[in-house]
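Colleague: I am new to this model. Please take me through it, starting with the pockets.

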Amino acid sequence: MKNKNVWDDNVEKSLVCKNLLSNKFWKIKVQENFFIVSYGKVGTAGSINTKEFESAELCLREAEKLIQSKLKKGYREMEAEEEDGSESRMTEKEFWELLSSANRKSDDWYEQLEWLQEKLAKRSVNDIIRFDYLFNQIYQKSYTSDLWAAAYIIMGGCSDDSFDYFRAWLVFLGLEAYEKALANPESIIPYLNELEEGDVPEFEDFLYCAGTVFEEKTGLEQDDYLNLYWKLSGDENKQPEMEFDWDEDDEEGLRKKFPLLWELYGENPMG
């Protein structure tokens, strides 16, 4: 799926148009039978579109037409030093730094989340999707039997959905809390003590953080976001396998597994 004349052994093209009246970038990336186009003013996040075709050949043919059209309009290939911010530079370190900064802004989860979304809205679509991809990889690692047992004790029961929201809350706490909880779920007790009466350690809204930002930024729908997410991230979304090493009907077993949590919540769960 390569064309020597247009692609030069690549499936991406980055073009730029700079003159007295224009300072714009335009990029296209072909992946099998669809392509992704990003465009806008140099130095901005720009916009992004995708288009799918019946075959890879048709997709590549249409991409070539678009490239030739841009070249005729005065665009040229972008030099390395001209690279703008449209490609994702979001790293896992920055992911955790953003959460840490959000957590320092307020004691209220929703105010923290609002700050985070405002920051993400200023980034490129690629960065927003990269943030979501990193979240999902981190989130999947928390799908463990120990954490589910802990959540079950804390809340006096824990359904599939409840465990999803519990893990979202855990990730939102930040890197230190997250890593300690993976090693020892009882390490989250100080964070549980900070909850207001009647609150539970669940934060469903964080699951939709990136998608919400995308929809508000682009005006597109959730289905558009999900379609673009799968194409850009390559995330296979495979649920980790889990073998339970505890029984919800075995109170004594749960007590022995997490004695500190049981002492606090076994007879008086949250929620």
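Colleague: How do the residues of the lining of the largest pocket divide by class?

Modeller: This is a predicted model: local features need pLDDT of at least 70 and side-chain atom pairs pLDDT 80 or more, while totals for chains, interfaces and linings use all residues. Residues are numbered from 1 along each chain as its sequence is written, and side-chain values use heavy atoms, leaving out hydrogens and water. Ala, Val, Leu, Ile, Met, Phe, Trp, Tyr, Cys and Pro count as nonpolar, Asp, Glu, Lys and Arg as charged, and the others, Gly among them, as polar. The lining of the largest pocket then gives 9 nonpolar, 8 polar and 6 charged residues.

Colleague: Which residues lie nearest the centre of the largest pocket?

Modeller: On a 1 Å grid over the protein atoms alone, a pocket is an open set of points where a 1.4 Å probe fits, with protein on both sides within 12 Å along at least five of seven lines; lining residues have an atom within 4 Å of a point. The largest pocket has 23 such residues. Nearest its centre are F135, N136, Y139, L207 and N237.

Colleague: Which helix gives the largest share of that lining?

Modeller: Helices are DSSP runs (H or I, at least four residues), as strands are (E, at least two), numbered from the N terminus. Those supplying at least two residues each are α4 (125-141), α6 (160-172), α9 (209-218) and α10 (222-233). The largest share, 6 residues, comes from α4.

Colleague: Which residues lie nearest the centre of the second largest pocket?

Modeller: Its lining includes at least two residues each from α3 (109-121), α6 and α7 (175-183). By class, this lining has 10 nonpolar, 4 polar and 7 charged residues. Of its 21 residues, those nearest the centre are D107, W109, Q112, L173 and E194.

Colleague: What is the radius of gyration of the protein?

Modeller: The secondary structure comes to 12 helices and 5 strands. The protein is more spread out than a compact globule, because the globule rule gives 18 Å for 271 residues and its radius of gyration is well over that. The rule is 2.2 Å times the number of residues to the power 0.38, and the radius is taken over C-alpha atoms. For this protein it is 23 Å.

Colleague: Is D205 buried or exposed, or in between?

Modeller: D205 sits in the loop between α8 (189-193) and α9. Buried means under 20% relative accessible area and exposed over 50%, with a 1.4 Å probe and protein chains only. At 33%, D205 is partly exposed.

Colleague: Which residues is D205 in contact with, leaving aside neighbours within four places in sequence?

Modeller: Contact means heavy atoms within 4.5 Å. R255 is 50 residues from D205 in sequence and 31 Å away, C-alpha to C-alpha. The contacts of D205 are with Y110 and L113.

Colleague: And L220, with its neighbours within four places left aside: which residues is it in contact with?

Modeller: L220 lies in the loop between α9 and α10. Its relative accessible area is 32%, so it is partly exposed. Its contacts are F214 and E215.

Colleague: How far apart in space are E251 and I153?

Modeller: E251 belongs to helix α11 (residues 251-257). In sequence, E251 and I153 are 98 residues apart. In space, C-alpha to C-alpha, the distance is 9.3 Å.
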